Structure formats: C-alpha cells, structure tokens
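Thanks for coming, everyone. Let me put the model up and walk you through a few points.

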Amino acid sequence: MGNTVSCCVSPSGSPKLPRQLERLEEYQISTDLSDDTGPYLQHISDREVPDDLALESNPSDHAQASTIFLSKSQTDVQDRRKSNHINHVSPGLLSKKYSSCSTIFIDDSTVSQPNLKSTIKCVTLAIYYHIKNRDSDRSLDIFDEKMHPLSREQVPEDYCHTDPEHKLIYRFVRTLFSAAQLTAECAIVTLVYLERLLTYAELDICPSNWKRIVLGAILLASKVWDDQAVWNVDYCQILKDITVEDMNEMERHFLELLQFNINVPASVYAKYYFDLRSLADDNNLNFPLEPLSNERAQKLEAISRLCEDKYKDLSKAAMRRSLSADNLIGIRRSNAVLS
C-alpha cells in the first residue's frame, strides 16, 4: 500500500507501554529466544500475534477486528432512528438517487481511487464521533493545544470542555489537505494511524488534543503514502505560527507511541474504506452520483473487457503448466519406441 515502511524497537524504546502491548512484547520476546544466537527482535512484518490478542485490540492492524469509529457512531445512529420512530418523524423527500430501468446512477469513488471531498467528510465525521463518544480524557502533554498552541491566538479557558462540531473538524482537515495537495487515500491512512495511536498508547481524542493528534496523523500519513511527501517546514507555512522544532518533536513522539509500526496492510485499508462508506450511509452523507453516460459506459466496458482478456491469458498459462483429465481429448501422443 503506497510507500509501506515498517520497523521495530525494543520495549524500552517507547515512553509509555500500555498493558496490552506489554503482553505482546512478553509473547514476542519469549518466542524470539534462541539457544544458539541469543535473544533477538524479529522484523515487525514477520511477527505472529496470538489470535486472542489480535482480535482483542488493534483494529488498525487486523482486518478481522471492527473499526472503533463505526462502533462509536452506532449509538447515535440507533438513538436517532428510535427517536424518529417514537415521534413519527417522516424522513421527508428522498435525497438519495436510485437507479431505474432507464437511468443508472454510479459514483466516482472506488477503493483504489476514493472521492477526495466525500472521503474527507467521512474521515472528519469519524473523528467527530471519536471525540463525542470518548470514554475518558486521557492525553499527553505533547498533544495538549494549550501547552503547544498551533496559533498565537489565546486558547479559551473552556477549550477542554467544549466538543468541536463536525464542520470545524472538516474545515481544519480540508485546509491541510488543500494546501498540501494530499490525496483521498492519505485521508484513510490518517484515520488508520489515529486509531492505532489511541489503541497503542491508550489515549482519548478530546477537545484539548484533537488538532495536534490529527495533524500528527496527517503528517505521518503524507510521508508514508505519497511519493513526494510534504516536509515539516511546509506545514509550518500552512499553520504559520507553529515551529519546525515543535513539528519534529510531535512527529517523534507519534512514532514512538506507534511503536514505529506504520505498516498498513491492504486488507486493513479496504476495511476502513468500506466502513467509512457505511458511516456515510448511516449519516446521510451520500457520495456524489451521476447518471451513466454513453461515454462512461464505453470506458467501463473497455476496462471490463481488458480484465476479462487478462483472466483468459492467466487461465491459458495455467492450463499449459497443468492439464487436467478433462483436457486430454485431442492431445497428440508420440509412438512408443521398443528397443
């Protein structure tokens, strides 16, 4: 997935080691002991994690674990549906377009090329539900906006008690993505890193730290995913009042809290993409639909034909390597030579 990079560190390399990671490290160190070569640390991609630990935590690492943001949003979705049912609220005019016999509506968002604007809206909505339905206010000083402000404007006294609206989070993320010219795939990877940070470091994203946590995740995702990464000094030009030293320190702490695990498997990326689409459907954030035109239909047909031809070529190559009993008819046999 993009420029995937991963590495590993010793248990003493992190400033804070949660209880779940302590169990992981104990398992990894005990399985990495050898009588001949002594203790060593495997590459992070070669480590095998027990199933109970894999499903217990780290949804950003394992495709079978459900995403945190989708589970946090379900409470609000169910309450909204129950309220509408009790109060007999009519859904009103249907804003979603449906295909018919004469017209087919399709959107331009796919797992490999998501729609940028819609993806940013979904990612920021996921962050909004993280803040609104957080379990506590666990944080670190490096992410506290009052201790490390992003602007020269004075931080309000009640900044840690007022939850930001979805529009505010969207404007903040959209400004960074527009100025740095980041892609929609980078937004999905940003959400993966954010949930990985909350899981690994046992933190909560709250009103006092959400901007710096989101900024750190975007900074890291842009460097891992994009071939031409944005430098830290470029973000200083976007935010104006933040210093390069502060950006470097935040990036270093972010990486340490992630245990330097910045690998995003394809299955995890796909899971987050489709869960974001489910989140959009639950909150009436429809992806832009357009009628299927003749030109676009021809392009889809050409792509489909190309994929079909590739599949036939692969099938023929497989048949040459291994023939089954069903394909023995017509095979020419050479005459035996008896000496």
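Where do glutamate 301 and arginine 305 lie, and how many residues apart are they? Both sit in helix H11, residues 294-321, four residues apart, about one turn of the helix. Keep in mind that this is a predicted model. The two side chains form a salt bridge, with the closest N and O atoms 3.1 Å apart. Glutamate 301 is partly exposed, at 46% relative accessible area. Arginine 305 is partly exposed too, at 42%.

The structure holds eleven salt bridges. Some of them reach across the chain.

Take glutamate 145 and lysine 211. Their closest N and O atoms are 4.0 Å apart. This pair links distant parts of the chain: glutamate 145 is in the loop between H4 and H5, lysine 211 is in helix H7, and 66 residues separate them. Glutamate 145 is buried, with a relative accessible area of 13%. Lysine 211 counts as partly exposed, at 23%.

Next, glutamate 251 and lysine 223. Here the closest N and O atoms of the salt bridge are 2.9 Å apart. Glutamate 251 belongs to helix H9 and lysine 223 to helix H7, so the bridge ties together parts 28 residues apart in sequence. Glutamate 251 is buried at 15% relative accessible area, whereas lysine 223 is partly exposed at 29%.

There is also a network of salt bridges, linking Arg134, Asp137 and Asp163.

Back to H7. How many of its 16 residues are buried? The count is 14, so this helix is largely enclosed by the rest of the structure. Its length also checks out. At 1.5 Å a residue, residues 210-225 should span 22 Å, and the end C-alpha atoms are 22 Å apart.

Now the surface. Lys117, Lys121, Lys167, Arg171 and Arg174 form a positive patch. Helix H4 (116-132) and helix H5 (166-180) each supply at least two of its residues. H5 gives the most, with three. Lysine 117 is in helix H4, and this lysine is exposed, at 52% relative accessible area.

Last, two backbone angles. Glutamine 181 has phi near 55°, a positive value in a residue other than glycine. Glutamine 181 lies in the loop between H5 and helix H6 and is exposed at 69%. Phenylalanine 260 also has a positive phi, near 60°. Its place is the loop between helix H9 and helix H10. At 23% relative accessibility, phenylalanine 260 counts as partly exposed.

Key. Residues are numbered from 1 along each chain as its sequence is written. This is a predicted model: local features need pLDDT of at least 70, side-chain atom pairs count only at pLDDT 80 or more; totals for chains, interfaces and linings use all residues. Side-chain values use heavy atoms; hydrogens and water are left out. Patches are made of residues with over 30% relative accessible area and no salt bridge: like charges are joined within 9 Å, nonpolar side chains (Val, Leu, Ile, Met, Phe, Trp, Tyr) within 5 Å. Accessible areas come from the Shrake-Rupley method with a 1.4 Å probe; for residues, only the protein chains shown count as cover. Lys and Arg count as positive and Asp and Glu as negative; His and the chain ends are not counted. The place of a charge is taken as NZ of Lys, CZ of Arg, CG of Asp or CD of Glu. Buried means under 20% relative accessible area, exposed over 50%, partly exposed in between (1.4 Å probe, protein chains only). The expected span of a helix is 1.5 Å times one less than its number of residues.
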